[in-house]
Amino acid sequence: MSHVTGPDTSDLVERIQQEWAQAYPDLDVAPIGILGRIQFIAARSSHRLDRRLEPHGVTRSEYDVLGALARSPHPLRASEVVSTTMLSGASITKITENLARRGLLVRRKSERDGRVVLLEPTDAGRELVETELPRRLADDEAALSGLTPAERESLAELLRKVSAAVHV
């Protein structure tokens, strides 16, 4: 059962799954067909975003931080950025220092507690997010264009279940 992903192109994940099944016939390699596709989609989407961000001199992680700050109605503490991205506290510190040096975000002390550093995007940081977000959404929409609204809803629900299972 071969799925076509493009003109005369076989499904890479299916081929890899079949190779594993041949190499290890006693193992159930069915999860590769699902999680392999999730990883494939994530890798392709990440690569596409990396290419779009390259002219801005911003990494995907830096864009994630700027995005978290841009969508917040108020400045955030670094710990709040950690909780809304998939980045570690140590990397948030390094990333925010780099972004601040480049004029894309501001780090300032909280007026209520001088030990707390608040982060917010500068106009340039917000503009970068506002420029790239519609492009990213258009790329995501193109990836999902073959699905009906009902299929999208079903897929989202199924992926929520898988996410919950790996979140432990």
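Colleague: Which side chain does the side chain of D11 join in a polar contact?

Modeller: Note first that this is a predicted model. D11 sits in the loop between β2 (9–10) and α1 (12–23). Its side chain takes part in a polar contact of 2.6 Å, and the partner is the side chain of R37.

Colleague: Is D11 buried or exposed?

Modeller: Buried means a relative accessible area under 20%. The relative accessibility of D11 is 8%, so D11 counts as buried.

Colleague: At what angle do helix α3 and helix α5 pack, and what is the orientation called?

Modeller: Two packed helices are described by the angle between their axes and the distance between the axes. Here α3 covers residues 60–70 and α5 covers residues 89–101, with the axes 10 Å apart and an angle of about 85°. Angles of 65 to 115 degrees count as roughly perpendicular. The term for α3 relative to α5 is therefore roughly perpendicular.

Colleague: Which residues make that contact, and how do they divide into nonpolar, polar and charged?

Modeller: From α3 the contact has S61, E62, V65 and L66, and from α5 it has I92, I95, T96, N98 and L99. By class, the residues of this contact divide into 5 nonpolar, 3 polar and 1 charged.

Colleague: How far is the C-alpha atom of P75 from that of L118?

Modeller: P75 lies in the loop between α3 and β3 (76–77). Leaving out residues up to four places away in sequence, P75 touches E80, R108, L118, L119 and E120. P75 and L118 are 43 residues apart along the chain, and their C-alpha atoms are separated by 5.7 Å.

Colleague: Why does P75 count as partly exposed?

Modeller: Partly exposed lies between the buried limit, under 20%, and the exposed limit, over 50%. P75 is partly exposed because its relative accessible area is 22%.

Colleague: With which side chain does the side chain of R152 make a polar contact?

Modeller: R152 is in helix α7 (residues 149–166) and counts as partly exposed at 26% relative accessibility. Beyond four places in sequence, R152 touches E141, L144, S145 and L147. The polar contact of its side chain, at 2.7 Å, is with the side chain of E141.

Colleague: Which domain does UniProt place at residues 31–164, and how much of that stretch is helix?

Modeller: The unreviewed UniProt entry gives the feature "domain: HTH marR-type" for residues 31–164.

Terms used:
Residues numbered from 1 in each chain as written. Predicted model: local features only at pLDDT ≥ 70, side-chain atom pairs only at ≥ 80, totals over all residues. Heavy atoms only, no water. UniProt positions renumbered as here; feature names shortened; annotations may be inferred. Axes fitted to C-alpha atoms, helices over the stretch in contact; angles between N-to-C directions. Helix = DSSP H or I, 4+ residues; strand = E, 2+ residues; numbered from the N terminus. Parallel < 35°, antiparallel > 145°, perpendicular 65-115°, else oblique. Contact = heavy atoms within 4.5 Å. Nonpolar A, V, L, I, M, F, W, Y, C, P; charged D, E, K, R; others polar. Buried < 20%, exposed > 50% of the residue type's maximum accessible area, 1.4 Å probe, protein only. Polar contact = N/O pair within 3.5 Å; in protein donor to acceptor, adjacent residues only side chain to side chain.
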